[in-house]
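Here are a few friendly notes to read alongside the model. Keep the 3D view open and look up each residue as you go.

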Amino acid sequence: MNKDNQICSKEDVCRILKISESKLKSLISTGQVRVNGNDKLSIYKSDVDKLVEFIESTYGFQEVVQLVRKEEQLADISQHSVMNYMKKFEIFPNPLHGKDTRLRKEDFDELCNLLLNNFKSKVTKKKLSQQGETQRGRRSKFQQRIDKHKGQILYLSDADKNNVFDFSFLEEYTKERTPTLMRSLDSLLRYMIGVCKEQEIQWLTNKSHSEIYIQKDDFKKYEKHFENVRVFNPDDYYTTQNIKDMFRITNYESIAKYAGSITVSGKVYIEKTKVDVLKKILDETVVTADIQEMFDIPTTTFARLMKSLDIQFIPQGAYPLFQSSRVYKSELIKFEEYFQNKNKLTNITSRYDQFYIEVEEIRPNVKVIKTLEAFDSFIQKRLDANGHKYVYTNLVNVYGAIIPTLTKEIMSYTMDELIILMKNIPQKVAKREFSFFLDYCRERYPTTYKESFKLDGESEEQTNEAYTLHQWLDFAYLLFTEHEKLLPKAIENRINAMVWLYCAMHYVCGWRQEDILNLPEPSLKDILGLDEDETFDLISQGKFTEEMAQRIVNFTISYIKTFGVKPKKTRKNMTTPDLKIVIEESYIYTIGLLIALCQSHRKKMEKLNYRNVNTSTLMTARITKRDTHVVFFGEEYENIFGEETFLNNRATKTYMNYAQIVSSENKWGNGYNISSFIRSHAISKKNGFARTTEVYLESINKDNDVGNITHALTERGSFGFISHLLAQVIRDGDDEAVPYALLSWEEQTAIIKDFFGLKSFQIDTMVRGIGQYQNRATEVMRELMVAHKDGIKEVLKKLSVGDYPSKMEYSQCLLKTINRSSCAYPVREHCIGCEYALNEMYFLIEFNKRFKELLLQLKQAEHEFDKQRFTYTLFYVYLPVLQEAVNYFGKERVRAFVKVPGEEIKQLQKENQLQLGGG
């Protein structure tokens, strides 16, 4: 055989060249070795021989360094210096190791002479320096490095000294194999301890902390580190950041375990081969929940349809990230063809004809001629008597569940057998239809069963009562505290996210189902400065902030208020009030995040342009069904509600009950009207309140505990100096227990400077404005102090539930606790800067609007009097309120409501529109 045509196996090539299979693939792809075109499995031996000849005729860089250092005068020369002089000769890259550089053996002597001539004096000087190093200094460095790992230190006993390798051995071994030689003792120690940590080796020391040992049994692990470094080819691996970006995840461990990984220099690298397979599968499949939404298939029938259409799918958990089953996209054509055939039914007006088109693929497995005849006459009778869609659907479900499972004529079944047969029907209403069919057969045919078939609990009606307090609180805990468990599932598909938001909304409003489903859609770009993909990635990476959630919530509240959104059911009635929503402190992050997530899902689905997918609203009606709840929440949902469903009317009654509990003192007064207002029932002109609200109000209890009062104030977002004074009174001046205690003047001044960006004389003006406002608030407190402490508690309790509204929304009035018709500033149309105002967080929405108007007025003012008037209003009325909000909520939270005015105020000062003096 011609030498050029000789071949060898890939295994032999790897053995001869001492390389990995992945490196061989790299050599093939770059054309350095050729694959035999006949079998694609072997390599031309001539190519391998050339590589062997090249390696044997050259020295690798590390070999050059070792040979050079055998010369006494060059014993401590650095690798960097060797490389600089090697570059004066012709050097070659190592095709077998990307990080190696090789020198012809014939050039080595000349290189060595060149180094000896240039480095003699430097080496001598360094050698003298090293000889001067004392053993005490060496021990000190050992102790300093080892002491940094106090929690990990284990001591070597005398009995174990023969079973360990000491530092001298490890030092020599490590220096020979370290890619870049550590020059200092400290760096060498750090490197060695790092290798031990990486390879999970327990290192040991002596009592004086002047040595490091490892067990001889662990030395193979130590060697493994250098083996990984030697054979490591970064082209064959993904970094952990690559994996996070590729799959939009934060935890890569399940993929590392599945695909295989190695650790090199403290970093984890994951093998590409299986990762690429997983990525390909994810790209070529779609989660079953998306298919259900795409074609509007109920969960109860989806499994049957999958089986009947012979759909190929990958089960849940088969691969990492498979939190639910996935179907190949190539299989979607089967669903499309099925529903295209089903759509033919729309052109047929006869329910009877439609029925037989829909069940034409369903066949019995045994001869049941009488049963089929009986069912035929039964459906004609039923559809003639009741042609509603639900009757037709139930008949189809009965036929599909029962006919293929029959083992004999239905008339021959006993009652016990029928009970077992009935279990094949998943829908309760379809079971009821089957019981009608059994009665029909019993009346017209001789049957083995003699009694009328009754369903268990048939006479029981679904309760419409409010949920129990235990159910309501347990579900709230699941909705608002289990983010770690629920968020990955909500990110995975749109239905889960919509289910979560739909259920959570019942805790912040008393809206009807259709109004919740039509929640306003936020423009993510306008509100967050991010598109749907960027928002989705941010949520997936756990980087969605409270400020972002607050911005989304603010949009929702502002939209409803600005456009006067009314309940859909009664919007034609002119007396119907607008929808109302107040999202309290505990709920803001969850609600804001879920609205943003649902909008991201909706926009992403909209771009895919799937037919039959509803992307016109933030949420779709399908998420009100029990099966979608159980799929998302799992067993905990059934533990709370049993066989029941979380229903809008029951949830609303529950919400109204607890709205009444926190807003009324067991009377039908203001709290009753608030509940009516929340539910947006029309107010009766005759008696001033809605009769229909009565059914929502039960279980009235009231707790006068101070902790509940202050908690209620916190939930309402109450802020400001007056809040602090009131809470301090009822807590006997215990500042430690007050959640919104004031900051010191120094702290306030620092925040003003940071947040507003004002000059020193402007800060002084603002601080004086704050001082004047706080003095007026203190005078208000003196007026209230004439009352008994319990009286003040009563006032604060009513304020905490909104019983004393001011002129502005989301604000309470202390003066009205004395006289409901009083107002300290009757000519004003707002309450900004009023010492009697008890403002709440959402007050900042209206504040922002008026604040912008004031800055515009200042900018446009032409007369000195107007400039002075508006400047005073800015620094003595508006900025003190904004400063209080910053003190209590922090600047990031306040920025979600109010744009930082620093630059605008500076510009007004520059244009001489501010009349402050100084500066």
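1. Let us begin with a term: a residue is called buried when its relative accessible area is under 20%. Please keep in mind that this is a predicted model. Glu-293 has a relative accessible area of 7%, so Glu-293 counts as buried.

2. Which residue meets Glu-293 in a salt bridge? The partner is Arg-494, with 2.8 Å from N to O. Arg-494 is buried too, at 1% relative accessible area. Because Arg-494 lies in helix H24 (residues 494-505) and Glu-293 in helix H14 (residues 288-295), the pair ties together parts that are 201 residues apart in sequence.

3. For another salt bridge, look at Asp-283 and Lys-279, 3.0 Å from N to O. These two are four residues apart in helix H13 (residues 272-284), which means about one helical turn separates them. Asp-283 is partly exposed at 43%, and Lys-279 is partly exposed at 23%.

4. Now turn to helix H2 (residues 21-29), where Lys-23, Leu-24 and Leu-27 are buried. Seen down the axis of H2, the buried residues fall within an arc of 105 degrees, so they line one face of the helix. Glu-21, Lys-25 and Ser-29 are exposed on the other side. Helix H1 (10-17) and helix H3 (45-56) are among what covers the buried residues of H2.

5. Finally, find Gly-592 in helix H29 (residues 588-608). Is Gly-592 buried or exposed? Its relative accessible area is 0%, so Gly-592 is buried. Gly-592 touches residues including Phe-544 and Val-553.

Terms used
Residues are numbered from 1 along each chain as its sequence is written. This is a predicted model: local features need pLDDT of at least 70, side-chain atom pairs count only at pLDDT 80 or more; totals for chains, interfaces and linings use all residues. Side-chain values use heavy atoms; hydrogens and water are left out. Buried means under 20% relative accessible area, exposed over 50%, partly exposed in between (1.4 Å probe, protein chains only). Contact means heavy atoms within 4.5 Å. The arc is that of the directions from the helix axis to the C-beta atoms. A salt bridge is a side-chain nitrogen of Lys or Arg within 4 Å of a carboxyl oxygen of Asp or Glu. Lists of a residue's contacts leave out its neighbours within four places in sequence.
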